[in-house]
Amino acid sequence: MRPRVGIIDSGVSESLYSYVLESRRFSELPGDDPAQPDSLGHGDRLARLILAHCPEAELLIAQVFHGDNRAPVARIAAALDWLVARGAQIVNLSFGLARPSQRLTEACQRAARRGVLLVASAPACGGPVYPTALPECLAVTGDARCAAGELAWLGQPHAELGACPMIAPGRPEQGGGSSFACARVSGMAARLLAREGRLPVQLPEALRHSAQYLGPEVLRA
């Protein structure tokens, strides 16, 4: 089975196009053009981490960030609805809004009712962010105790799971953060779909059972 993983972000580079099943650019411009090559690099790094854990994944790319990492909530909600309609089984949400949005909440609820797993990044500190804080999302943060393929079951109000936050473990100059921990968990979830025949609704519990570390203390990079 080739799981379909949706990514709402800045797109991917042309070198990853062979992994992309379908893409769409969401912007103020009219039309449904395919996504353009990633000009920010963030979405491309997310996609590479997902594929590192599940090379057989088929990517659905919803490009909402153009030139910077800001986008209207309506654009993000529309991108999520499109991914669900295109058959995404897992959607990676490596971004956060400071305030709740009814429109985004309803889009997440629609996705959850369709059985889609929403994996969202939780920041290392500060108050709740959205959509991560919504009950429909599996909240992931960075945990520096984890190696690249390991998970921490945290069970905390702000994050259920922790994963390696580094883009390239051992090379901190390449950066890291909860966005990348989130992508790793999306990749691990996709691998469970591909190799164990799990259903998306079974993935949160399966990921918890595969956690390597237990406990509330979170050590973040």
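This report describes helix packing, aromatic pairs, nonpolar cores and a few individual residues in a predicted model.

Residues are numbered from 1 along each chain as its sequence is written, and side-chain values use heavy atoms, with hydrogens and water left out. Because the model is predicted, local features need pLDDT of at least 70 and side-chain atom pairs count only at pLDDT 80 or more, whereas totals for chains, interfaces and linings use all residues.

## Packing of α2 and α3

Helices (H or I, at least four residues) and strands (E, at least two) are DSSP runs, numbered from the N terminus. Helix α2 (residues 73–85) packs with helix α3 (residues 102–113) at an angle of about 10°, and their axes are 9 Å apart; such axes are lines fitted to C-alpha atoms, for helices over the stretch in contact, and angles run from 0 to 180 degrees between N-to-C directions. The two helices α2 and α3 are therefore roughly parallel to each other, in a scheme where angles under 35 degrees count as roughly parallel, over 145 as roughly antiparallel, 65 to 115 as roughly perpendicular and the rest as oblique.

On the α2 side, the residues that meet α3 are Val 73, Ala 74, Ile 76, Ala 77, Leu 80, Asp 81 and Val 84, and their counterparts in α3 are Arg 103, Leu 104, Ala 107, Cys 108, Arg 110 and Ala 111, where contact means heavy atoms within 4.5 Å. By class, this contact of α2 with α3 has ten nonpolar, no polar and three charged residues; Ala, Val, Leu, Ile, Met, Phe, Trp, Tyr, Cys and Pro count as nonpolar, Asp, Glu, Lys and Arg as charged, and the others, Gly among them, as polar. Arg 103, which lies in helix α3, touches Ala 74 and Ala 77 when residues up to four places away in sequence are not counted. Gln 102 also lies in helix α3 and is exposed, with a relative accessible area of 54%; the scale calls a residue buried under 20% relative accessible area, exposed over 50% and partly exposed in between (1.4 Å probe, protein chains only). The C-alpha atoms of Gln 102 and Ala 77 are separated by 9.9 Å, although these residues are 25 residues apart along the chain.

## Aromatic pairs

The structure holds two aromatic pairs, with rings of Phe, Tyr and Trp (its six-membered ring) pairing if their centres lie within 6.5 Å; planes under 30 degrees apart count as stacked, over 60 as edge-to-face and the rest as tilted.

| Pair | Centre to centre | Angle of planes | Class |
|---|---|---|---|
| Phe 26 and Trp 82 | 5.9 Å | 70° | edge-to-face |
| Phe 65 and Phe 95 | 6.2 Å | 80° | edge-to-face |

Phe 26 is buried, with a relative accessible area of 6%, and Trp 82 counts as buried at 10% relative accessibility. Phe 65 counts as buried at 6% relative accessibility, and Phe 95 counts as buried at 10%.

## Nonpolar cores

A nonpolar core is a set of buried Ala, Val, Leu, Ile, Met, Phe, Trp, Tyr and Cys residues joined through side-chain atoms within 4.5 Å. The largest has 39 residues, and those with the most contacts inside it are Leu 59, Ile 90, Val 185 and Leu 207. Among the elements that give two or more residues to this core are β1 (4–9), β5 (117–121) and α5 (203–209), while its largest share, eleven residues, comes from α4. Apart from this core lies another, of 29 residues, including Ala 71, Leu 83, Leu 104 and Leu 118.

Leu 83 is found in helix α2 and counts as buried at 0% relative accessibility. Leaving aside neighbours within four places in sequence, Leu 83 is in contact with Gly 6, Ile 7, Ile 8, Leu 60, Ala 62, Ala 88 and Val 91.

## Two prolines

A cis peptide bond, with omega about 15°, joins Tyr 130 and Pro 131, and Pro 131 has its place in the loop between β5 and β6. Pro 72, in the loop between β3 and α2, is partly exposed, with a relative accessible area of 43%.
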